[in-house]
Amino acid sequence: MKTVKFRQALTLGLMVQMVAATNLATAAQAEMISTDSAIAALAAETDRQTLLNEISRDDVRAEMIALGVDPAEAESRLMAMTDEEVAAALAQIDDGTAGADIVGALVTVFLILLLTDLLCLTNLFSFTRCAR
């Protein structure tokens, strides 16, 4: 009698374990992703790796150390950047726009001085004539 109850309890326990194991094993979810999102994820990782390669160069590391920046801290901050920030930084490096805003500022100052010279408010340029 005891062996029958033991077998029933063992059978019931094994059935519960099998049902639980198959339910947990088949709980995986999958969804379709678009080609654009797959390419965007790959491009973001490639951009991040490109920036990591840039700051891993010996000359860049030497300059960072000379400026008092810890290269390991720079790498950890780069890894913490969002994909958009990494793309913007890489675009700025590729465009070479670092410091390019000074040209626009100089042109603006020149145009303002030229306008004030034409309106007879200043007399800076010899090639202009007063409008009065």
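Trainee: Leaving aside its neighbours within four places in sequence, which residues is M64 in contact with?
Mentor: Keep in mind that this is a predicted model. M64 has its place in helix α3. Beyond its neighbours within four places in sequence, M64 is in contact with I55, V69, P71 and A74.

Trainee: Is M64 buried or exposed?
Mentor: Here you need the cut-off, since a residue counts as buried under 20% relative accessible area. M64 comes out at 12% relative accessibility, so the word for M64 is buried.

Trainee: How many Å apart in space are M64 and A74, C-alpha to C-alpha?
Mentor: A74 is among the residues that M64 contacts. In sequence, M64 and A74 are 10 residues apart. In space, C-alpha to C-alpha, the value is 8.9 Å.

Trainee: How are α3 and α4 oriented to each other?
Mentor: Their axes are 9 Å apart, and the packing angle is about 105°. Angles of 65 to 115 degrees count as roughly perpendicular. The description of α3 and α4 is therefore roughly perpendicular.

Trainee: And how are α2 and α4 oriented to each other?
Mentor: Helix α2 spans residues 35-55, and its axis and that of α4 come within 11 Å. The two axes cross at roughly 170°. An angle over 145 degrees counts as roughly antiparallel. For α2 and α4 the description is therefore roughly antiparallel.

Trainee: Which residues of α4 make the contact with α2?
Mentor: The contact of α2 with α4 divides into 6 nonpolar and 2 charged residues, with no polar ones. On the α2 side you will find R48, L51, L52 and I55. On the α4 side the residues are A74, E75, L78 and M79.

Trainee: What is the relative accessible area of L78?
Mentor: L78 lies in helix α4. Not counting residues up to four places away in sequence, L78 touches R48, L51, L52, I55 and V86. L78 is buried, and its relative accessible area is 6%.

Trainee: Let's move to the aromatic residues. What kind of aromatic pair do F110 and F125 form?
Mentor: The structure holds 2 aromatic pairs. For F110 and F125, the centres are 5.5 Å apart and the planes lie 65° from each other. Planes over 60 degrees apart count as edge-to-face. The F110 and F125 pair is therefore edge-to-face.

Trainee: How many residues apart in sequence are the parts that this pair ties together?
Mentor: F110 lies in helix α6, residues 101-118. F125 lies in the segment after α6. The pair therefore ties together parts whose separation in sequence, in residues, is 15.

Trainee: Which residues form the aromatic cluster?
Mentor: F125 and F127 also form a pair, a tilted one, at 5.2 Å centre to centre with 35° between the planes. As for accessibility, F110 is partly exposed at 38%, F125 is buried at 17%, and F127 is exposed at 56%. The one aromatic cluster is formed by F110, F125 and F127.

Trainee: What is the phi of C120 near?
Mentor: C120 lies in the segment after α6. With 23% relative accessibility, C120 counts as partly exposed. Its phi is positive, in a residue other than glycine, and is near 65°.

Trainee: Finally, how many helices does the protein chain have?
Mentor: From the N terminus on, the elements run α-α-α-α-α-α. Buried residues make up 12% of the 132 residues in the chain. The secondary structure comes to 0 strands, and the number of helices is 6.

Note on methods: Residues are numbered from 1 along each chain as its sequence is written. This is a predicted model: local features need pLDDT of at least 70, side-chain atom pairs count only at pLDDT 80 or more; totals for chains, interfaces and linings use all residues. Side-chain values use heavy atoms; hydrogens and water are left out. Helices (H or I, at least four residues) and strands (E, at least two) are DSSP runs, numbered from the N terminus. Buried means under 20% relative accessible area, exposed over 50%, partly exposed in between (1.4 Å probe, protein chains only). Axes are lines fitted to C-alpha atoms, for helices over the stretch in contact, and angles run from 0 to 180 degrees between N-to-C directions. Angles under 35 degrees count as roughly parallel, over 145 as roughly antiparallel, 65 to 115 as roughly perpendicular and the rest as oblique. Rings of Phe, Tyr and Trp (its six-membered ring) pair if their centres lie within 6.5 Å; planes under 30 degrees apart count as stacked, over 60 as edge-to-face and the rest as tilted. Contact means heavy atoms within 4.5 Å. Ala, Val, Leu, Ile, Met, Phe, Trp, Tyr, Cys and Pro count as nonpolar, Asp, Glu, Lys and Arg as charged, and the others, Gly among them, as polar.
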